[in-house]
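Keep the 3D view open while reading.

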Amino acid sequence: MKRVGIFYHKSFSQRSYLTVGRRLAEFPGALGPLLRDPAFRLLPSPEAPDEWVLRVHDPRLIPAVEADPL
Amino acid sequence: MAAAEGLAEGTFERAFAFIGAGGHHAGRDYFGGYCCYNDVVIAIAHLRATRGVRRFAILDTDAHHGDGTRDLTEGDPEVLHVCICGTSFTSPDGTKVDVPLPEALWRGTGDPDTLYLETAGAAFAPRARAFRPDLTVWYFGFDGHRGDYGDMGLSARCFLGLADLACRIADEASGGRLLTVLGGGSRTDLATTLIPPIIARLGEA
């Protein structure tokens, strides 16, 4: 058995950019049976600081994403 | 980033990262296709800078080409990026590969799950074994599932098979370390029924 870290944030279930809906509406509840096994740990998915986004992306991308109507 | 850190530190062997927006269509100065920032490449940059992890093998089985990931890793010989999509391409150094799905899948003359799994396995397994990554990354989209927006006629059997493939390669090539990042797919019913058994398989395989 392997140890599995599951990274999740409640905002992922409230709205999904991918669907403009709630494709993850049933989470984390749908993981309930799995989480009874100590090998599986549900952990918070913290926000990535802008500093790290900017190591990969052009600085103009952040305001462009923030201005996106979706 | 947190999932990648946990893998690098040995807190766990597998990680599954849920997302709020996609990543693999986000390039250096563009975004779209329901993707904002390239989560996988940001995690790679973070591990390199903070943990000295250098080599990454990415299997992208989202229904659409991972153009943003390709843009950001082009010219980086320490990232193997194998994308199962609609085009055929191999970079001169062999680390950037697009593999088209067989015609039979599109014509509907073969079992889609079997055709997809055979294609992904043949494309990724030998390359990843030879590449010897420090970390294996599976970009898992379920948009190719029957009835979703990238419908390829796939079923749960295919996605569980891909989980087994990713686990096997991680065990053989990267010390068991596997980061699975959720990609595309839109249906709540599919997410609810597919994702828990996929995560379970990560722990079992």
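The expected span of a helix is 1.5 Å times one less than its number of residues. This is a predicted model. It scores ipTM 0.95 and pTM 0.96. Chain B has a mean pLDDT of 96, and 100% of its residues reach 70 or more.

**Helix α5 of chain B**

- Helix α5(B) covers residues 112-131, 20 residues in total.
- From first C-alpha to last, α5(B) reaches 28 Å, close to the 28 Å expected.
- α5(B) also has a kink of about 25°, centred on G121(B).
- G121(B) is buried. Other buried residues of α5(B) include L115(B), Y116(B), T119(B), A120(B), F124(B), A128(B) and F131(B).
- An α-helix has 3.6 residues a turn, so residues three or four places apart point the same way.
- The cover over the buried residues of α5(B) includes strands β2 (56-60), β3 (79-85), β5 (96-100) and β6 (135-140) of chain B. Helices α4 (103-107) and α6 (156-173) of chain B are also among the covering elements.
- R132(B) follows α5(B) and has a positive phi, near 55°.

**The sheet**

- Nine strands make an open sheet with mixed pairing.
- The strand order is β2(A)-β1(A)-β1(B)-β7(B)-β6(B)-β2(B)-β3(B)-β5(B)-β4(B).
- The edges are β2 (40-44) of chain A and β4 (89-90) of chain B. Each has a single partner strand, so one side of each lacks a neighbour in the sheet.

**Strand β2 of chain B**

- β2(B) pairs with β6(B) in the parallel sense, over five bridges. In this part of the sheet, I58(B) stands opposite V137(B) of β6(B).
- β2(B) also runs parallel to β3(B), joined by five bridges. F56(B) has V79(B) of β3(B) as its bridge partner.
- Five of the five residues of β2(B) are buried, so the strand is largely enclosed by the rest of the structure.
- Both faces of β2(B) are covered. F56(B), I58(B) and D60(B) are buried on one side, A57(B) and L59(B) on the other.

**Helices packed on the sheet**

- Helix α1 (residues 2-9) of chain B lies across strands of both chains: β1 (4-8) of chain A, and β1 (14-17), β6 and β7 (178-182) of chain B.
- α1(B) runs at about 170° to β7(B).
- Helix α2 (residues 39-51) of chain B packs on the sheet and touches β2, β3, β6 and β7 of chain B.
- The direction of α2(B) makes about 170° with that of β2(B).

Definitions and conventions
Residues are numbered from 1 along each chain as its sequence is written. Chains are lettered from A and ligands numbered from 1 in the order in which they are written. This is a predicted model: local features need pLDDT of at least 70, side-chain atom pairs count only at pLDDT 80 or more; totals for chains, interfaces and linings use all residues. Side-chain values use heavy atoms; hydrogens and water are left out. Helices (H or I, at least four residues) and strands (E, at least two) are DSSP runs, numbered from the N terminus. The bend at a residue is the angle between axes fitted to the seven residues ending there and the seven starting there. Buried means under 20% relative accessible area, exposed over 50%, partly exposed in between (1.4 Å probe, protein chains only). Contact means heavy atoms within 4.5 Å. pLDDT is the predictor's confidence in each residue, from 0 to 100. Two strands pair if DSSP finds at least two bridges between them. Axes are lines fitted to C-alpha atoms, for helices over the stretch in contact, and angles run from 0 to 180 degrees between N-to-C directions.
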